[in-house]
Amino acid sequence: MNTPATASADPIAEAIAEQRERRGPLLPLLHAVQARCGHISDEAVARIADALNLSRADVHGVVSFYDHFRRAPGGRHRLGLCRAEACQAVGSHALEAEARRQLGVDFGGTTADGAFTLQGLYCLGNCAAGPSVLIDEELYGRVDGVRLAELLAEWRGRK
Amino acid sequence: MAGAQVSGAVTRVYVSGDAAARALGADAVARAIAARAAAGGRAVTIVRNGSRGMVWLEPLVEIEVAGERIAYGPVTHKDLDGLFAARLLDGGAHALKLGRVETLPWFARQERLTFAQAGLADPLDYDAWCAAGGLAGVERALELPAAAIVQAVSDSGLRGRGGAAFPTGRKWKTVLDQEAPEKFIVCNADEGDSGTFSDRMLMEGDPFTLLAGMTIAGLAVGATQGYIYLRVEYPHARRVLEGAILTARARGLFGDRVLGSGHSFDVELRLGAGAYICGEETSLLESLEGKRAEIRFRPPLPAIKGLWGRPTVVNNVITLATVPVILARGAAYYRDFGAGDSRGTLPLQLAGNIRRGGLVEKAFGLSLRELIEDYGGGTLSGRPVQAVQIGGPLGAYVTAAQLDTPLTYEALAGIGAMLGHGGVVVFDDQTDMLEMARFAMEFCAHESCGKCTPCRIGSTRAAELLARLCAGRSTRAEVALLEELCDTMISGSLCGLGGMAPFPVRSILRGFPDAVARRLA
């Protein structure tokens, strides 16, 4: 979901047209823009503000409030690692260290090959089978360092 | 066994499609079973049902043999050679064979009211849901005046299952009593507490029951529009809900005419964006309106001025999904489960360092020890239980000495803990409890919406104090300062995030004094 879903000529206009008539359109619109463009650029902020009759500061304020939205491009895949208590109880600290080592980046960072952006998440609802990892929209449970290496190899090969 | 399948008959094979099952490889198992059956000339229908709640047995596979569902689990694709050699599709004997799920003690001892239908069928099979009696609650509600629906919910004793435990009927009555041009039903599906997954499992396993509950709420208070606010971390639940909403509307569960009546109601799905605070109802409403999710002052209550300033019912997924059974079977039926002021059942979620984790729906009153030892089988690591966090990141850690506490609102309040959304996270004796205290405050600092100072600044300062304590650089005086800061946050914060983040911290300082003493400078 981090790579552009459609190769539209003007994905921002398309997202605006699709979402602007909803009641309370800003969050659905931000989701739609990020799904198409991978991030929410300065241009997108300005055009969304214009379309919804908001200031750019208003839109930026909302974007920056929510961890899921990003203002700059990330890697091809978003690798979310659960850092909450239930996963900590079964070894997520060790998995965090493994993730940093295998990816060569810290949380918030994007790997040198552009494949992954590492993100800390707080609960994936898989608390009876942690540690849990979410890659784009695929959930994985009972992940250890070996399993993580397998997953990274598999996902590096995907588009 | 009553003999092999008649040649040419289609065998139904259930492979759980719940996110937790998929996370453990259920998709590969389903594909491999289909491929092997095809290669062997056996006709099978693979049904991706929800989870029966036994995460420790996922991926769970059930084979329908002579009208009975024979379960095997946990099944990985590596087990399939052996399973097919043992005639899996005819219910053959194998080390992984469990028999009928309903006969397994872990399942049989539960009292499933809210989760009665969850995980039985394909969650988007509307006909199967109707055949199982899914419509009964809405049908009953359509026979009653609005006030009588609210009265039934009040009489049932149902309290908000999201954590606040506010009487649901009283909230609905307030909304019903408002004169307004429009009213709303908002389903809080922002299940952010670590250790909780009952909302997710219900949405993925029985979404029509949730939609029925929202529809009944709409009939009860005179609302015509509902919103489900779902967290973005649940992509699989999103896909199921999207399908369920389309189907339910097309089949007339809601829409212009609810089940052909003169009432209208509709539901729209909205996604969160990774902010824990949106589980707090007023910040959720801000988020739905397209704003930064900063909490609102109360009063006015959302029941009086909620979404877009209109009277709004905000209820958790489990609360709303429990309403249909109350209408269908009567308030007294539901109220007769439970103890004291904790009526009905609670879907508990057994998580963390536990051998047999999953969803246990029981009447209130089960003890923590029964849950962890009888159901859970103790820790996954095999080491002693050191602590149990109940009710999410804002809930207290209870000690091994407190395990005989019954799981009721009152009993947990009596030991300074809370039930919250029913998440139970087990930690063994290798856990550094002071690090857990530090995490609690770091989490609060990370998730604070920033509106009030005690939460915004207090959590940051408390996290700093705890970092010093963890590093062995604190004195008793600093621990006293931390206690004082906890007081300030509890009494001065605007909402439960800053107001409750001190609970886990304080429970560790008081419940694990040796851990503190060992670290003092």
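This is a predicted model: local features need pLDDT of at least 70, side-chain atom pairs count only at pLDDT 80 or more; totals for chains, interfaces and linings use all residues.
**Stop 1: where the chains meet**

Show chains A and B together. Here 49 residues of chain B are in contact with 34 residues of chain A. To find the side of chain B that touches chain A, select helix H1 (19–23), helix H11 (235–250), strand E8 (266–271), helix H12 (281–288), strand E12 (345–352) and strand E16 (423–428) of chain B; each of them supplies at least two residues to that side. Colour this side of chain B by class, and you get 25 nonpolar, 15 polar and 9 charged residues.

**Stop 2: a sheet in chain B**

Stay in chain B and select strands E8, E7, E6 and E9. These 4 strands form an open sheet in the order E8-E7-E6-E9 (chain B), with parallel pairing. Which strands stand at the edges? They are E8 and E9 of chain B; each has a single partner strand, so one side of each is left without a neighbour in the sheet. From one strand to the next, the twist averages 20 degrees.

Now zoom in on strand E7 (residues 225–230) of chain B. It runs parallel to E8(B), and 6 bridges join the two. For one of the residues to look at, pick Gln225(B): its bridge partner in E8(B) is Asp266(B).

**Stop 3: two cis peptide bonds**

Select Glu58(B) and Pro59(B). The peptide bond from Glu58(B) to Pro59(B) is cis, with omega near -5 degrees. Pro59(B) belongs to the loop between strand E2 (44–47) and strand E3 (61–65) of chain B.

Then go to Pro299(B) and Pro300(B), where the bond from Pro299(B) to Pro300(B) is cis, with omega near 5 degrees. Look for Pro300(B) in the loop between H12 and strand E9 (312–316) of chain B.

**Stop 4: positive phi angles**

In chain B, select Leu259(B), in the loop between H11 and E8 of chain B. Leu259(B) is not a glycine, yet it has a positive phi of about 50 degrees. Is Leu259(B) buried or partly exposed? Leu259(B) is partly exposed, because 17 other C-beta atoms lie within 10 Å, and a buried residue would need 20 or more.

Finish in chain A with Asp136(A), in the loop between strand E3 (133–135) and strand E4 (138–140) of chain A. Asp136(A) has a positive phi of about 50 degrees although it is not a glycine. Asp136(A) is partly exposed, with 15 other C-beta atoms within 10 Å.

Terms used:
Residues are numbered from 1 along each chain as its sequence is written. Chains are lettered from A and ligands numbered from 1 in the order in which they are written. Two residues are in contact if their C-beta atoms, placed from the backbone, lie within 7 Å. Ala, Val, Leu, Ile, Met, Phe, Trp, Tyr, Cys and Pro count as nonpolar, Asp, Glu, Lys and Arg as charged, and the others, Gly among them, as polar. A residue is buried if 20 or more other C-beta atoms lie within 10 Å of its own, exposed if 12 or fewer, and partly exposed in between; C-beta atoms are placed from the backbone. Two strands pair if DSSP finds at least two bridges between them. Axes are lines fitted to C-alpha atoms, for helices over the stretch in contact, and angles run from 0 to 180 degrees between N-to-C directions.
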